[in-house]
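Subject: Structure handover

Hello,

Here is the structure I promised to pass on. Please open it and keep it beside you while you read my notes.

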Amino acid sequence: TSTDSVKIAIKWNGVTADIFENGVKVVAATSFPFTALELLSLNGGDVPKSIRSLSLSTTPLSDAECVNLTTL
């Protein structure tokens, strides 16, 4: 619904990517094609989307840290 909040973390090392949504790893990709960004599309779908907050870590995060950061 338009009132749902979603917390997302992307862990990317330049080759592979893991995407966490609301405390769950939803993508574990050995390659990260552009189509994988459809999960994060802000230009499509039937529900308006906006980014409330964005941060970048200067050190690699573990899966557990990504789960913790995205748990609602």
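Start with one definition: buried means under 20% relative accessible area, exposed means over 50%, and partly exposed is in between (1.4 Å probe, protein chains only). By that scale Asp-63, at 28% relative accessibility, is partly exposed.

Next, the ground rules. This is a predicted model, in which local features need pLDDT of at least 70, side-chain atom pairs count only at pLDDT 80 or more, and totals for chains, interfaces and linings use all residues. Residues are numbered from 1 along each chain as its sequence is written, and side-chain values use heavy atoms, with hydrogens and water left out.

Confidence

pLDDT is the predictor's confidence in each residue, from 0 to 100. The protein chain has a mean pLDDT of 77. In that chain, 69% of residues reach 70 or more. Where pLDDT is low, the predicted coordinates should not be read in detail. Helices (H or I, at least four residues) and strands (E, at least two) are DSSP runs, numbered from the N terminus. Which of these elements has the highest confidence? Helix α1 (residues 63-70) does, at 94. Confidence is lowest in strand β3 (residues 24-29), with a mean of 86.

The sheet

Two strands pair if DSSP finds at least two bridges between them. Here, 3 strands make an open sheet, in the order β1-β2-β3. The pairing is antiparallel. β1 (8-12) and β3 are the edge strands, and each pairs on one side only. From one strand to the next, the twist averages 15°.

How many bridges join β2 to β3? There are 5, and the two strands run antiparallel. Look at Ile-19 for an example: its bridge partner in β3 is Val-27.

Now find Asn-22, in the loop between β2 and β3. Asn-22 is not a glycine, yet it has a positive phi of about 50°. Asn-22 counts as partly exposed, because its relative accessibility is 27%.

Phe-20 lies in strand β2. Is Phe-20 buried or exposed? Its relative accessible area is 1%, so Phe-20 is buried. Contact means heavy atoms within 4.5 Å. Leaving aside neighbours within four places in sequence, Phe-20 has contacts that include Ile-8, Val-26, Cys-66, Val-67 and Thr-70. Lys-7 is also in contact with Phe-20. Their C-alpha atoms are 8.0 Å apart, and 13 residues separate them in sequence.

Asp-18 is in strand β2 too (residues 17-21). Asp-18 has a relative accessible area of 16%, so it is buried. With neighbours within four places again set aside, its contacts include Ala-9, Ile-10, Val-27, Ala-28 and Ala-29. Lys-11, Lys-25 and Asp-63 are also among them. Those three names lead to the next topic.

Salt bridges

A salt bridge is a side-chain nitrogen of Lys or Arg within 4 Å of a carboxyl oxygen of Asp or Glu. The structure holds 4 of them.

- Lys-11 and Asp-18 meet through their side chains, at 3.9 Å from N to O. Lys-11 counts as partly exposed, because its relative accessibility is 24%.
- Lys-11 also bridges to Asp-63, with the closest N and O atoms 2.3 Å apart. This pair links distant parts of the chain: Lys-11 is in strand β1, Asp-63 is in helix α1, and they are 52 residues apart.
- Lys-25 bridges to Asp-63, with the closest N and O atoms 2.8 Å apart. Lys-25 lies in strand β3 and Asp-63 in helix α1, so this pair ties together parts that are 38 residues apart in sequence.

Lys-25 has a relative accessibility of 35%, so it counts as partly exposed. Which residues do the shared partners join into one network? They are Lys-11, Asp-18, Lys-25 and Asp-63.

One last stop

Leu-54 sits in the loop between β3 and α1. Leu-54 is exposed, because its relative accessible area is 75%. Leu-54 and Ala-9 are 45 residues apart in sequence. Their C-alpha atoms are 9.5 Å apart in space.

Best wishes

Notes: Axes are lines fitted to C-alpha atoms, for helices over the stretch in contact, and angles run from 0 to 180 degrees between N-to-C directions.
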